[in-house]
Protein chains: 2
Amino acid sequence: MKNIGFSHVNINSGFWKIKQDMVKNVTVDAVYARFSDTHRFDALKCKPLTEEFTPHIFWDSDVAKWIEGAAYILQKEKNNALLKKVEAAVDDIISNADENGYFNSHFLVTEQEKRFKIRSQHELYCAGHLIEAAIAHRDATGNDRFLKAMCKYADYIEKVFKIEKSAAFITPGHPEIELALVKLYVATGEKRYFELAEYFIDEHGKYSEAVGETTAPKYNQDDMPLKDRTTIDGHSVRALYLYSAAADVAALRGDKELADACKRVFDNLVNKRMYITGASGSTHIGEAYTADYHLPNRTAYAETCASYALALFGKRMFKLDKNSKYADAVERVLYNGFLSGVSMDGKAFFYDNPLEMDPDFNNVYSAAKRSERFASTQRKEVFSCSCCPPNIIRLISSIGNYLYSYDDEVLYVHQYVNSVANENGISVEQITEYPKNGSVKIKFNTNGRKLALRIPGWCRKFDIDCEYVMENGYAVISKGCGTVNIDFDMPATVVRANRRVHDNAGRVAVMRGPVVYCAEGVDNGKDTRNIRIDKKGDFEIKDSEFLLPTIHTTAYQLPESDELYFAAEDTWAEMPLMLIPYYAFANRGESEMNVWLLEK
Amino acid sequence: MKNIGFSHVNINSGFWKIKQDMVKNVTVDAVYARFSDTHRFDALKCKPLTEEFTPHIFWDSDVAKWIEGAAYILQKEKNNALLKKVEAAVDDIISNADENGYFNSHFLVTEQEKRFKIRSQHELYCAGHLIEAAIAHRDATGNDRFLKAMCKYADYIEKVFKIEKSAAFITPGHPEIELALVKLYVATGEKRYFELAEYFIDEHGKYSEAVGETTAPKYNQDDMPLKDRTTIDGHSVRALYLYSAAADVAALRGDKELADACKRVFDNLVNKRMYITGASGSTHIGEAYTADYHLPNRTAYAETCASYALALFGKRMFKLDKNSKYADAVERVLYNGFLSGVSMDGKAFFYDNPLEMDPDFNNVYSAAKRSERFASTQRKEVFSCSCCPPNIIRLISSIGNYLYSYDDEVLYVHQYVNSVANENGISVEQITEYPKNGSVKIKFNTNGRKLALRIPGWCRKFDIDCEYVMENGYAVISKGCGTVNIDFDMPATVVRANRRVHDNAGRVAVMRGPVVYCAEGVDNGKDTRNIRIDKKGDFEIKDSEFLLPTIHTTAYQLPESDELYFAAEDTWAEMPLMLIPYYAFANRGESEMNVWLLEK
């Protein structure tokens, strides 16, 4: 099973074209500017420490992810100004790497004796991102100097961690190196890199009694071997990066036991621990998963990077299990919990993406200025740990990766995006405004394969103008070329959560197609938590400034009152309710916001 | 305006007789045993420190409150065993007091040089409770040796704080001394004690820039003079003890400005910051008030002592403002947020009294064992700071204090309790099972006054079998003696909260008379947060093991499901719902509990 890479997919109009243009024209430069302001690029020069700044342990990852995202943009379109910035950073990395291949702008300048001594210090995480960046750079420029330097670094990591075992730990505090090493194996054909990825994966669970850790073994997925795992636990981003690599390893070595663990973990996530937006990680405490069905909306952490990582994990899982649930999860998170991470203008970012905002009650604790921890009500241009912004660039600029897979028998269409793809004699053209509406025309030549069209999990009625059979959530068409028209019925749909999700008790959410909607105070007044909607009401769809339509219905609100408690009467008054796509919230100032509304 | 004291009121049967018997037969001994176990009585001996224990700064208050409660019991009924325990403690206090009158079992033994140097160290708080205990002891025994010792202590406090001003602070970290000094003035006729109370009250707001504080001025009601106050802020118990004293001072010196501030603060509390149970203090952070309408149920602090203190405050406010809202608040808190503080067997206590428990989700944070802070799911026999248990004893044993006030014109009946009262030629007999039902027969001779019967705020329909006029929530009858029959209609009532209370959005509570009900998981299964009730449904009242009836209705629950998110259909299934009085929750093991239920 092979994915068609984004370099073979051209997105020429529609929703994702607009988002790709935003990233190309605004985001990549905005992130570069903020990373420059904060000395992240200066740090690559590895100059002796001055008082100006101290390179932070994860700065290299921020920069590497920016290089990778920029390289994806450069693969598609020439841009000398951007290329110059990329090459300058790459030059600094190559020229300042240690003789043995090691590069880390923090540990090269400060704490030099502590290299690979402190598990929580993100060195292998940074290394993984540098490797991913180097592959993207080679693919964009055709020049392999950065890739060679990173191969040397990978060789050194192999020596220290696997051959000499001279590091103070083996499984890294923050996974990422594992999936990068699989990529490096694919990019270079060097089997040792895959074996090193396997090694890091397989060592999990051997160090549950590890000392000197700042965090518990469970937090690092180290309380048992990964193949025994049944639930997704610990730090959300770390977990999802790790399981993405585990899925790669399971697929490449045909490891059914590890594959089954990946399936169990994925199912636990999407069936019990995922927000309706596809975001996950219920608490800021450890940026972590908590318990089945514990999905608080207002204090949700739901980190943008965890949403990014679910897309990575879901894409890889299809290689282990040909089921539409994986692309369903990818679609859910792309249009909602991931995309909410970036402002409509492309310049600002959410780190955490809660499903409820109630700013009036965010700072209510008078004593000692302590408070519960709520998400920022507005996106920021940069963070001290600025992992999320470059993930926006990386994913949107390479979104073509998520559309198609194929084996000898079947070409799978996972996502509906207006685009043209060509690879290995396969050609597919999608003509669609999806998800503005559910009509998709596909002109295809599968080079002899069947064509499998994902019927989205959200879709309850659809029409395909040729014969098909349903297989694991895909409508499979036997013919290898021609045109097919699909029409996914896409009404506003009122959705309920499992009754164990106590935060959503009595509440429903409105979706249209894959898009989750929300009510903002700026449109609907105060006390949006108290707005009731009628699931049998009329929902009107209107074109809007938010790329996708707004949804309008008659809702119900209690009158304002001076009394605190009073006999409950039917005093609900009608009000017009305007819902906007969740991804577009918090673009018009601080406001109340609710995804989950009361059910009439 | 004078209250009839509990020594003139005999409660011979009914709800409060049962609770008084519980306190007399169980609670007073249970608390004594736990205070003995924990060396609180040993500490009064003020022996040189050993390794066995170190007297805690607030232990004297725990013991003093126990003595006071025991003395109230002894006023009503001879009990040599109990008297012996009281006298032993009193002897220890008297014999170990300093020559200058000072007594504090912590500062007499440890940190002797720090007396009255650290505002937060509860010395004046302990002193106030010792004074209250001494007055109760004199009233119970006729012997004034304890009272004399505490007058000497009060004289010393006057010298240090008011005359010499040699203490490191003036307004105490934890109020209590103020109301105790007013009581001491009333008990002894010594005007200086009242003037000292006035002094402590009037000094508030002069030290907003105070240094060396562990807490903010607002926390201590010290950010402005009390007369300027408009909202209730800071530590809930401290605030309510202080405003109780402020109301006393305002009444005794006819201070309209201070009285108006007390009214504003009271109104802010009951109209914007009070739980439906009468409890208050929304957060454990500083045990404090937060903001208008911020009344989270599950993380509510709602300390038992704050509920106790609201009864104190409400009783005093009537002297400033003849309105039934004060006795309404007292009734609300007595039957709900205060009484939930003690187990049905009288042995165990809640410190905080949340309106929702969801034990399955209390310990969900995997990382680093940190978690949000939820109340204990079960009552405990003693706490390291065990202020709440003796307040249960003090208030229940003296509940007769809350029934009647009179001036020259009118005898006011505030609370309906089966009892006989006699004072100054006034005699009142109440024959009632209230609040089991709403029928009250009153035989009265007011000694020439009118009779004013409070019409409870919860009551929407009532019948009185003689002529009356309504005045400020009281039905005023002109005749001075005879019999009156009142019938308060007491159906189960479905109550809603102000729409600004976002935690209660879409939710309603069931009350019957003054009693708030709740649904426990032990009766109603898992996911009680997801139970919907029909406010127009039938509510059946059944006698129960919980002193007052249970309420039964048909409710609605979603089926269990494996899906996390799904199209909302009308799948609500009927279920029998059993509600118990809120005060009786958590007496049958750990369980979910909800006061606020979904509204159909």
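Me: How many disulfides does a search of the whole structure find over all chains?
Reply: Happy to look, bearing in mind that this is a predicted model. A disulfide needs two cysteine sulfur atoms within 2.5 Å. The sulfur of A:Cys459 is 16 Å from the closest cysteine sulfur, in A:Cys466, so that pair is too far for a bond. Over all chains, the number of disulfides found is zero.

Me: Which cysteine holds the sulfur closest to that of B:Cys466?
Reply: B:Cys466 is itself buried, at a relative accessible area of 17%. Its closest cysteine sulfur is 12 Å away, too far for a bond, and belongs to B:Cys481.

Me: Which residues have the most contacts inside the largest nonpolar core?
Reply: Good one to explore on screen! That core has 204 residues. Away from its sequence neighbours within four places, B:Trp66 is in contact with residues including B:Phe35, B:Leu82 and B:Ile393. The residues with the most contacts inside the core are B:Trp66 and B:Leu453.

Me: Is A:Leu547 buried or partly exposed?
Reply: A:Leu547 is in the chain A loop between β18 (540-542) and β19 (550-557). Although not a glycine, A:Leu547 has a positive phi of about 75 degrees. Buried would require under 20% relative accessible area. With 26%, A:Leu547 is therefore partly exposed.

Terms used: Residues numbered from 1 in each chain as written. Chains lettered and ligands numbered in written order. Predicted model: local features only at pLDDT ≥ 70, side-chain atom pairs only at ≥ 80, totals over all residues. Heavy atoms only, no water. Core = buried A, V, L, I, M, F, W, Y, C linked by side-chain atoms within 4.5 Å. Buried < 20%, exposed > 50% of the residue type's maximum accessible area, 1.4 Å probe, protein only. Contact = heavy atoms within 4.5 Å. Helix = DSSP H or I, 4+ residues; strand = E, 2+ residues; numbered from the N terminus.
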